[in-house]
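Please keep the viewer open and follow along.

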Amino acid sequence: MSFCPGCGSALGDAAFVQEYWVAADRHVVCWCPSCALLCTVVLAAALVGTEPEH
């Protein structure tokens, strides 16, 4: 992950980024020093969605 998912700033040496796996999903914990956002981004192996009836 090169950019903050919140503000879009480049994540440099002061940022914290850690990646780990849960089953087939990739989780990325990110802290941005520019906007102080601490979040977890989940990159799912598969996404199943539904659409409500119209």
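## Ground rules

Contact, or touching, means heavy atoms within 4.5 Å. The model you are looking at is predicted, so local features need pLDDT of at least 70, side-chain atom pairs count only at pLDDT 80 or more, and totals for chains, interfaces and linings use all residues. Residues are numbered from 1 along each chain as its sequence is written, and side-chain values use heavy atoms, with hydrogens and water left out.

## Strands and hairpins

Let's begin with the strands, which are DSSP runs of E with at least two residues, numbered from the N terminus (helices are runs of H or I with at least four). Two strands pair if DSSP finds at least two bridges between them. Strand β1 covers residues 16-22, and seven bridges join β1 to the antiparallel strand β2, residues 25-31. One of the pairings to look for is Val22 with Asp25 of β2. Next, β2 pairs with strand β3 (residues 38-43), again in the antiparallel sense, over six bridges.

Both connections are hairpins. The β1 and β2 hairpin has two residues between its strands, while the β2 and β3 hairpin has six.

## Residues in the loops

Three alanines are worth a click here. Ala23 sits in the loop between β1 and β2 and has a positive phi of about 55°, although it is not a glycine. For burial, the scale is relative accessible area: buried means under 20%, exposed over 50%, and partly exposed in between (1.4 Å probe, protein chains only). Ala23 counts as exposed because its relative accessibility is 80%. Ala24 also belongs to the loop between β1 and β2, and it is exposed, with a relative accessible area of 55%. From C-alpha to C-alpha, Ala24 and Gly8 are 27 Å apart in space, with a separation of 16 residues in sequence.

Ala36 is in the loop between β2 and β3. Ala36 has a positive phi of about 65° without being a glycine, and with 51% relative accessibility it counts as exposed.

Is His27 buried or exposed? His27 counts as buried, because its relative accessibility is 13%. This residue lies in strand β2, and its bridge partner in β3 is Val42. Leaving out residues up to four places away in sequence, His27 touches Gln18, Glu19, Tyr20, Val22, Thr40, Val41 and Val42.

## A salt bridge

A salt bridge here is a side-chain nitrogen of Lys or Arg within 4 Å of a carboxyl oxygen of Asp or Glu. By this rule the count comes to one salt bridge. The side chains of Glu19 and Arg26 form a salt bridge, at 2.7 Å from N to O. Glu19 counts as partly exposed because its relative accessibility is 35%, and Arg26 is likewise partly exposed at 37%.

## The nonpolar core and a surface patch

A nonpolar core is a set of buried Ala, Val, Leu, Ile, Met, Phe, Trp, Tyr and Cys residues joined through side-chain atoms within 4.5 Å. Which residues make up the largest nonpolar core? There are seven: Cys4, Leu11, Ala15, Cys30, Cys32, Cys39 and Val41. Met1 and Leu11 are 10 residues apart in sequence and 7.9 Å apart in space, C-alpha to C-alpha. At 44% relative accessibility, Met1 counts as partly exposed.

On the surface, Phe16, Trp31 and Leu38 form a nonpolar patch with about 310 Å² of accessible area together. Patches are made of residues with over 30% relative accessible area and no salt bridge; like charges are joined within 9 Å, and nonpolar side chains (Val, Leu, Ile, Met, Phe, Trp, Tyr) within 5 Å. Accessible areas come from the Shrake-Rupley method with a 1.4 Å probe, and for residues only the protein chains shown count as cover.
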